[in-house]
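I opened this entry to record the fold, strand by strand.

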Amino acid sequence: MINERILIGKTVEEATEYVKGNGYELIIVKDNWMIQNLATRGVYVVVVDNKVTKLKDVHH
């Protein structure tokens, strides 16, 4: 299970390690990204200055 509180503020490297440990792939998207047909089991996040700033979606 992905905990948004743990994920926000992590560097891309830390976030990648965290989500992979939970069986997901980290996918970086733009803030204005709209949910579409999600084929990849992943955690979709917004990154600013190498830090996760927002969790957009978790696709199972």
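I worked on a predicted model, where local features need pLDDT of at least 70, side-chain atom pairs count only at pLDDT 80 or more, and totals for chains, interfaces and linings use all residues. Residues are numbered from 1 along each chain as its sequence is written, and side-chain values use heavy atoms, with hydrogens and water left out.

**Sheet.** I took helices (H or I, at least four residues) and strands (E, at least two) as DSSP runs, numbered from the N terminus. Two strands pair if DSSP finds at least two bridges between them. I found 3 strands in an open sheet, ordered S1-S2-S3, with mixed pairing. From one strand to the next, the twist averages 35°. Axes here are lines fitted to C-alpha atoms, for helices over the stretch in contact; angles run from 0 to 180 degrees between N-to-C directions.

**Pairings.** I looked up S1 with S2 (residues 42-48): the two are parallel, over 4 bridges. Ile-28 has Val-45 of S2 as its bridge partner. Ile-27 stands opposite Tyr-44 in S2. S2 and S3 run antiparallel and are joined by 6 bridges. There, Val-45 is partnered by Leu-55 of S3. The S2 and S3 hairpin has 2 residues between the strands, and I noted a positive phi near 50° at Asp-49.

Contact means heavy atoms within 4.5 Å. H2 (residues 12-21) packs on the sheet and touches S1, S2 and S3. Its direction makes about 140° with that of S1.

I used buried for under 20% relative accessible area, exposed for over 50%, and partly exposed in between (1.4 Å probe, protein chains only). S2 is mostly covered, with 5 of its 7 residues buried. A nonpolar core is a set of buried Ala, Val, Leu, Ile, Met, Phe, Trp, Tyr and Cys residues joined through side-chain atoms within 4.5 Å. The largest one has 12 residues, including Val-45, Val-52 and Leu-55. H2, S2 and S3 each supply at least two of its residues. H2 gives the largest share, 4 residues. I listed contacts of Val-52 beyond four places in sequence; among them are Leu-7, Ala-15 and Val-45.

**Thr-11.** Thr-11 lies in the loop between H1 (4-7) and H2. Is Thr-11 buried or exposed? Thr-11 counts as buried because its relative accessibility is 17%. Setting aside residues up to four places away in sequence, Thr-11 touches Asn-50 and Lys-51.
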